[in-house]
Amino acid sequence: MFSSIMLFPEDLMPSNSENIRSNYAAPNLLEEIQAAFAAIGKPISSLTLDDLAAVDEFHVRGVKATEELIQLLKPTSGMHILDAGSGLGGPARRIATAVNCRVTGIDLSEDYCRAGNRLSEWVGLQEQVELRSGSVTNMSDFTDDSFDAAFTIHVAMNIENKPAFYSEIARVLKPGAAFLIYDIFSVGNQAIDFPVPWATDASSSFLATPSAVKQWLNEANFVIEHEIDNTAAGATFMSAVAERFSKQQPGAIPNLSLLTGRRSAEKFMNLAQNLKNRKVSLAMLLCRTPG
């Protein structure tokens with residue numbers, strides 16, 4: 001969900017980055033994931049993308065949303081794709097597998113990148129998927145026109161300087177490249193209920209309205225080609241997740257609680273209610289650089 005539901009790791013201005021890092025701090029995450037699979041008798045050598053999806057598809061609507069993203073982005077074999085705010089890299093691995101392409105992810109969380117790169121090794125995708133720790137608002141390691149396409153999933157909610165974010169994406173994309181955004185947006189700048197998966201309080205939550213985001217995208221010279229509202233489906237999905245977690249007994253079964261920690265059910269229920277009450281919306285935007 002968030003990187004990364006989420007499915008929400010990400011990036012900010014330097015003054016806020018420590019708050020974000022703290023929200024996604026998980027120094028023992030890899031070991032906890034490994035222990036969780038061991039507890040259910042699942043050898044690492046037998047893991048598949050679908051096995052990992054319980055923890056690495058950290059966003060609203062999970063694998064279904066990733067599959068829809070692939071359909072919209074239309075990646076092809078041999079492409080080099082950027083995952084901006086990659087989290088554990090679940091969508092990156094699914095895209096790389098689907099079309100035999102290469103995906104480079106960047107994420108503020110060093111813990112997520114460390115764990116995600118090992119997950120790629122577990123399923124034999126280390127040559128196709130690489131996750132790097134860094135800021136999506138300043139991707140100085142990447143030259144202009146580096147990538148054939150890009151996507152971002154549940155990231156901008158943690159980014160205060162969104163114009164810098166979208167400008168950096170535009171800079172590293174080749175002319176005519178597609179950029180797919182799957183994010184949570186503010187509806188009329190309403191106050192929302194906390195905690196949520198990407199923030200415990202308002203100090204590290206930077207939601208923006210769709211109209212503001214579209215303006216920033218236009219200023220970065222993106223052309224918006226398509227928009228899909230997923231709010232209703234997202235509310236239904238998150239309600240089911242929250243219900244499942246509220247009834248779940250303590251144990252080591254691999255799931256999103258490894259990422260969201262204590263109060264997981266509360267975070268998921270608040271997100272479900274925020275979506276249901278239209279305090280936030282959920283949408284995909286397909287954009288393209290001039291070319």
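Author: Rings of Phe, Tyr and Trp (its six-membered ring) pair if their centres lie within 6.5 Å; planes under 30 degrees apart count as stacked, over 60 as edge-to-face and the rest as tilted. This is a predicted model, where local features need pLDDT of at least 70, side-chain atom pairs count only at pLDDT 80 or more, and totals for chains, interfaces and linings use all residues. Residues are numbered from 1 along each chain as its sequence is written, and side-chain values use heavy atoms, with hydrogens and water left out.

Reader: How many aromatic pairs does a search of the whole structure find?

Author: A pair of aromatic rings is described by the distance of the centres and the angle of the planes. The search of the whole structure finds three aromatic pairs. One of them joins Phe-165 and Tyr-166, tilted, at 5.1 Å centre to centre with 35° between the planes.

Reader: Are Phe-165 and Tyr-166 buried or exposed?

Author: Both are buried (under 20% relative accessible area; exposed is over 50%, partly exposed in between, with a 1.4 Å probe and protein chains only). Phe-179 and Phe-222 also form a tilted pair, 5.2 Å centre to centre and 35° between the planes. Phe-179 and Phe-222 are both buried.

Reader: At what angle do the axes of helix H9 and helix H11 cross?

Author: Two packed helices are described by the angle between their axes and the distance between the axes. Axes are lines fitted to C-alpha atoms, for helices over the stretch in contact, and angles run from 0 to 180 degrees between N-to-C directions. Helices (H or I, at least four residues) are DSSP runs, numbered from the N terminus. The axes of H9 (residues 231-247) and H11 (residues 264-276) come within 8 Å and cross at roughly 155°. H9 is therefore roughly antiparallel to H11 (over 145 degrees).

Definitions and conventions: Helix = DSSP H or I, 4+ residues; strand = E, 2+ residues; numbered from the N terminus. Parallel < 35°, antiparallel > 145°, perpendicular 65-115°, else oblique.
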